[in-house]
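Let's walk through how side-chain contacts and strands can be read from a structure, one question at a time.

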Amino acid sequence: MSANWGRDLWDQYDRVSSHLDQGVDFVKRVREFVKDRAKVEAEYAKELRKLAKSYQKRKEDDTRYSHVDAFYRLVKEVDDVAGQHETVSENMVSNVSENLKKLQHDLVKEKRQHMHEGSKQTSIYHQGLANLEKARKKYEIATQDAEKAAQQFEKVSADMNQTRAQVEKSRLTCQQKSDQAEEAKGNYLVCLDQTNHLQRDHFFTKMPEVYTSFQRMEETRVDTLKQLMHQQLEVEMHVQPIIGKCRENIKAATDAVDSVKDSVTFVEDNRTGYHPPEDKQFEEYSSAAKLKTTKREPQKQNAAGPREDFSHLPPAKRKKKLQAKIKELEDLAKKETAEHTALEKMFQVYSANPSLGDKTVVQQQLGRIREKIDILNGELYKFETYLAQAEGRELPQKRGSQLAAPQQQHQQQQQAAGGSPRVQHTPVQPQPQQPQPQHPEIPVDDPDDFDKTCTVLYDFQKNNDGELSVSAGETLVVIEDDGSGWLHVRRGQDEGYIPLSYAEVNS
């Protein structure tokens, strides 16, 4: 199926011109749509950015919980999606909208050129028609004058009263008019032939060329619009894989939510390791029983502030701290061991080829690193000992050094392969217990006589000497609160330490 505007629309010049104007206006409308669409994408991206920023991770949020981590991963992916919508907006403005603007400008310019050519050819054709009409009228008038002169000559010739001179004059006039009519006829025939040639050239050559230009311009406009609409789609399709990846990441984050794991994490964070309180014992308050009661020296636990072995912490938290410290020391030891291995290879190269470097400098560096590793392994053994004591198992075995001096390295390569990075440990002597403070005997008084008291919130069963078993609801006298997380309290003649979190100090 094909169309030929020059053949099929030869008589619709004005309609063709109007159609082309509508086409230019339509391109302008499409461009305005793209610009508005880009604004919508930009506003949407801005709102997504604002939303993601409003829900950034807070200090109190713990991403070790899977549902918290999943939520903030989701927020991050939403922010990434906003970035892709920004890309869509930018590309629509810089590519699609600008190309539409150029198309609109080119169409206006090209239409003006073709319209000028069409107007020129139409003007030439109309001028030819005007010349033909002028020649026709001259021929018509000359013919009428010749016919009148012939009639007058016949009349004069038939009139016997006319003189010969009058007859001759009439004859000459008739002949003159007849010659003029013939000349006008000849001019008319020439002009008619020229006009017909001009008309054929106008309708079969010149104007079809103008119409063909109009048709080519219109089809180019439509094809370009098609390409630009495809380009608009491609701008969106280009970011779809990235947006799809963001959605996959969101799904992966939500799939990773594990209620059991979160529950275990909460328990590990808050488990103290203490045992539930044992059954309460009968307390004798008779005078005879009181006389037989011997005064026990209170032994303060965990009141000296943070300790190296983390014994000031509850058992479960102490184990976690010790394990983290051991992991930190092991990582440092591995780093130093890797550096030691690299320097050993350098030492061997310098030993084989002294021109490359001074091996004594490398040897000194190796000595310093071995000292660091010895210190790190000593610390490792010390904290592993603390952990073994906290877990109630046998103490770890000491290991000999596996790092030899460079001169002896070739003798120990087989022993060092696959071994632990540890070297001989500096013996760690168990730290002696700090002497427990002795408190003078405090007379029995009513709690109301003291400045500070506390109310027990939960039952607490002592686990070590120096602690005091208490029950919820009891009111105790506060002897000392040294900021260690334990309260030194007194109940009657008994005194000891209870966790600060188990009591509420009365103002």
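Q: Is Asp21 buried, exposed or partly exposed, and what is its relative accessibility?
A: Some background before the case: this is a predicted model, where local features need pLDDT of at least 70, side-chain atom pairs count only at pLDDT 80 or more, and totals for chains, interfaces and linings use all residues. Residues are numbered from 1 along each chain as its sequence is written, and side-chain values use heavy atoms, leaving out hydrogens and water. Buried means under 20% relative accessible area, exposed over 50%, and partly exposed in between (1.4 Å probe, protein chains only). At 35%, Asp21 counts as partly exposed.

Q: Which residue forms a salt bridge with Asp21?
A: Side chains of opposite charge can pair when their charged atoms come close. The rule here asks for a side-chain nitrogen of Lys or Arg within 4 Å of a carboxyl oxygen of Asp or Glu. Asp21 pairs with Lys111, with 2.9 Å between the closest N and O atoms. Asp21 sits in helix α2 (residues 13-54) and Lys111 in helix α3, 90 residues apart; helices (H or I, at least four residues) and strands (E, at least two) are DSSP runs, numbered from the N terminus. Lys111 is buried, at 11% relative accessibility.

Q: How many salt bridges does this rule count?
A: The count comes to 25. One of them joins Arg64 to Asp62, the closest N and O atoms being 2.7 Å apart. Through shared partners, Asp62, Arg64, Asp269 and Lys320 form one network.

Q: How many aromatic pairs does a search of the whole structure find?
A: Rings of Phe, Tyr and Trp (its six-membered ring) pair if their centres lie within 6.5 Å; planes under 30 degrees apart are stacked, over 60 edge-to-face, and the rest tilted. The search finds 12 aromatic pairs. Among them, Tyr125 and Phe203 are edge-to-face, 5.1 Å centre to centre with 80° between the planes. Tyr125 belongs to helix α3 (residues 66-158) and Phe203 to helix α4 (residues 164-255), so this pair ties together parts 78 residues apart in sequence. Tyr125 is buried at 9%, while Phe203 is partly exposed at 23%.

Q: What is the order of the strands in the open sheet of five strands?
A: Two strands pair if DSSP finds at least two bridges between them. The order is β4-β3-β2-β1-β5, with antiparallel pairing. β4 (494-499) and β5 (503-506) stand at the edges with a single partner strand each, so one side of each has no neighbour in the sheet. Four bridges join β2 to β3.
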